[in-house]
Amino acid sequence: MPLLITLLSIIFLLILITRFKVNPFVALLLAAGFVGIASGMPLVKVVDSIKDGMGGTLGFIAIVLALGTMLGKMMAESGGAERIARTLINLFGEKNVHWAMMFVAFIVGIPVFFQVGFVLLIPLVFTIARQTGVSLLKIGIPLVAGLSIVHGIVPPHPAAMAAVDLFQADVGKTILLSIIVALPSAIIAGPLYGSWIGKRVKTSISPDLASQLAEPKDERELPGFGITVFTVLLPVLLMLMATVADVTLPKEDMLRQWADFIGSPITSLLIAVIISFWTLGYNRGFSKDDILKFTNDCLAPTATILLVIGAGGAFNKVLLNSGVGDYIAELAKASAISPIFLGWLIAALIRVATGSATVSMMTAAGIVGPIALQVPGTSPELLVLATGAGSLILSHVNDSGFWLIKEYFNMTVQDTLKSWTVMETILSVVAIILIMGLSLVI
């Protein structure tokens, strides 16, 4: 029954949006209410779950999107995004610029959250697409593929690190193996699939976002490449500093506490935005009134995006509270499959049902951990990678990330399913194939 209710709610949601053209924000709230009531949840708990899901999702994402959009706006107005775009085009050539985006995303994504890396780099995608005339998806899919795979399986991302702890895996080995798995997965799901789907799904930059993040600049107005890259990568450097401090210093050390504070996504983005006011603002001849106008104007297009993402979080929370994740977990406990494949399968099922990559990875790790102890020779490092790979599969309408991609890339629900959802599934399937191959020799 929990699985049937989940399936019906997704069909209901898709019909509302595609057939009846209901606003996605309203449709997601209706679907969340349907799941709660049909599951027999107390009516008060249904409302509380919607509030908690929306608040919990936006508590982090709203700040990150706002600060990231401001940084993107400063890059756009100063010509910084265009300077990086022109440099990448010159280095790799127009035909290979989608490969450049994947490698940039792969490197930037290691120390930062998916959403942070996305809002930092999306202005480059818009600018390169406008400059070269290359399909937006051909450049954009490699970006999100690189960010997504490292977010899912490469420590020090929180879920991966928690799985390392649960499976008692070696962090160094896990990082090494995760890169061996992540890079080929990103190549297949990113540049290769992106080139294919870019010819079949036509989309264009939202005029509102284009006006904020991809305005063309005259060559003489452009800032230097070095100062622009430093400004946009400053959050990444600060987060990397925090990661190094966490690995090398004891928890109670004051230096580590300051590093964690400065290197948190919110603080590091705030610092970068403030520095961009100088490096990409005052230093480029803009006045304080100009900068105030830039930071005010750029927030308006994010309002709809934030509401839809928040409603996706509400839907996700109601699904979790309805018990569908627990139901899948109970079914899996009686299985006699290889622990590595079982970890991937459980994480994949919970991901599809609930939409939460973190919840699916943590639940799968909790179930498979005791089972793995009964099977000698099972690599704990590969278990971490398998559960992480499973948590990426088939991102669809119950995942707030689905709506983030849909809104930024200005796509319909159907086109988002064809591009983003398929890309996530390719990442997951290629990764588990590579992991199972590694399990034969490790």
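I began with T421, which at 5% relative accessibility counts as buried (buried means under 20% relative accessible area, exposed over 50%, partly exposed in between, with a 1.4 Å probe and protein chains only). The model is predicted: local features need pLDDT of at least 70, side-chain atom pairs count only at pLDDT 80 or more, and totals for chains, interfaces and linings use all residues. Residues are numbered from 1 along each chain as its sequence is written, and side-chain values use heavy atoms, with hydrogens and water left out.

I located T421 in helix α21, residues 413–439 (helices are DSSP runs of H or I, at least four residues, numbered from the N terminus). Leaving aside neighbours within four places in sequence, I found T421 in contact with L394, S395, H396, F402 and T416 (contact means heavy atoms within 4.5 Å).

I next looked up I227, which lies in helix α11, residues 225–248. I noted that I227 is partly exposed, with a relative accessible area of 34%. Between I227 and L299 I recorded 72 residues in sequence and 24 Å in space, C-alpha to C-alpha.

I then turned to the largest nonpolar core, which has 136 residues (a nonpolar core is a set of buried Ala, Val, Leu, Ile, Met, Phe, Trp, Tyr and Cys residues joined through side-chain atoms within 4.5 Å). F118, Y408 and F409 touch the most other members of this core. Not counting residues up to four places away in sequence, F118 touches L143, V144, L147, L404, I405, Y408 and F409.

Conventions
Helix = DSSP H or I, 4+ residues; strand = E, 2+ residues; numbered from the N terminus.
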